[in-house]
Amino acid sequence: MKKPILGEQTFPTENMDSIQAYEKFEGGDVIYDFDPRPLYTGRYFIIMDEKQPFKNVSELLKNDLGLKIASSGDFKNEAITEEKLKDADVLFYSELGIALVGGDQDQMKILEETSDRGFYMEPEKIVYVPDDISSIALSSQATWGILQTRSDISNYTGRDVKVAILDTGFDAAHPDFNGRNVQTYSFVPGEQVNDMHGHGTHCIGTACGNVSTSGIRYGVAKDAIICAGKVLSNQGSGAQGWIINGMDWAANNGCKVISMSLGSKVFPGQGFDVAYERAGVNALSKGAVVVAAAGNESKRSLSQFNPVGSPANCPSVLAVAALDSGNNLANFSNRHINPYGEIDIACAGVDVYSSWPTPTYYRTISGTSMATPHVAGILALLWEKYPSASPHQIINEMKKISQKLPLPTMDVGSGFAIAP
């Protein structure tokens, strides 16, 4: 399949320049209006009408355009990756009613001109690690997020609950995870699951880690089964199709929680991505709750608010906002502006200490990316407590027991997520 054209989102280097730059940003002295990162990969999704048979579109793609076609049905009991597609130009996701197409410009033009035949087209988005921010490390018996979510005093640990973290991968050599049940898979062509970026290992630590070598408790669901899906490259970016492949893998692998601290920027008035929504609905139908970062594009100190990003703005996905230890909204946390782009819940997302690839071992950073795995871990605790519940029952219970806050629901949803 045609390779996606990607941007890059590397993590800020650990130096005082980046920290001071963030402090200036927090103080409102600097406004970042221009984002040079590209938005689209150059490939397209075909979104089928629900009653439209694949056969009609398949014949158009194959006979009129000369495209080679593969189907998700070809991957029985195995994960879908682009490397397995070989020379196919099109991948039909039979359960979702969508197809990913990697043709040339002339072929795409013909498709656009014939899109009245039971389908429409959407460009495939580039997905990035959010702009997480370096912070000063903390020193305590447990992180403030663990204490404030009450995970340290919960009777539940997420035992035997599968939690999928779809991100930049996982450092399997990290000593804090010795003896843990960890399943991994890479959906990034040409890259192993090993996390050479750091973001994925940090999120996995918050959701499913335990205690650091210095005795600091930083993980919520310390006995959960970890399913680490690498859907973003070592440069911190990826194609939307890779994330959908990861969601499909997690749902088919029996994961009860799918956590995604990633996203694409959404503009005011823009809707959710149907391809993500169909993948989210499919995951719910298979017993998984899907949660994603709301995004870090806002600058609240300057009265600048950005909509919830994609895929968190999908109705089937829980969008997570970030709070600090005083239950104040993080300056960067996005809000509900567009239809369907609600904030569902909020959690600890400022100065969050967690695991990092060796030899660094640990790092303290901020972002809605850090709030999201806190919620993922709490969902795992709820699944342990209510193993026979449906995803919607688990979601309702989490919202019911959340700590209510004197803040607008457009910013924090049901409130601060706490452990059962």
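**Reading cores, helices and strands**

Q: Which residues have the most contacts inside the largest nonpolar core?

A: In soluble globular proteins, nonpolar side chains tend to be buried together. The largest nonpolar core here has 107 residues, and I243, I244, I258, M260 and V375 have the most contacts inside it. The largest share of this core, 10 residues, comes from α8. A nonpolar core is a set of buried Ala, Val, Leu, Ile, Met, Phe, Trp, Tyr and Cys residues joined through side-chain atoms within 4.5 Å; buried means under 20% relative accessible area (1.4 Å probe, protein chains only). This is a predicted model, in which local features need pLDDT of at least 70, side-chain atom pairs count only at pLDDT 80 or more, and totals for chains, interfaces and linings use all residues. Residues are numbered from 1 along each chain as its sequence is written, and side-chain values use heavy atoms, without hydrogens and water.

Q: How far apart are the end C-alpha atoms of helix α8?

A: Helices are DSSP runs (H or I, at least four residues), numbered from the N terminus. The expected span is 1.5 Å times one less than the number of residues. For the 18 residues of α8 (residues 368-385) this gives 26 Å, and the end C-alpha atoms are 26 Å apart, which agrees. Because 16 of the 18 residues are buried, α8 is largely enclosed by the rest of the structure.

Q: Which strands does β5 pair with?

A: Strands are DSSP runs of E, at least two residues, and two strands pair if DSSP finds at least two bridges between them. Strand β5 (residues 119-128) runs antiparallel to β1 (residues 40-48), with 6 bridges, and antiparallel to β10 (residues 237-239), with 3 bridges.

Technical notes. Buried < 20%, exposed > 50% of the residue type's maximum accessible area, 1.4 Å probe, protein only.
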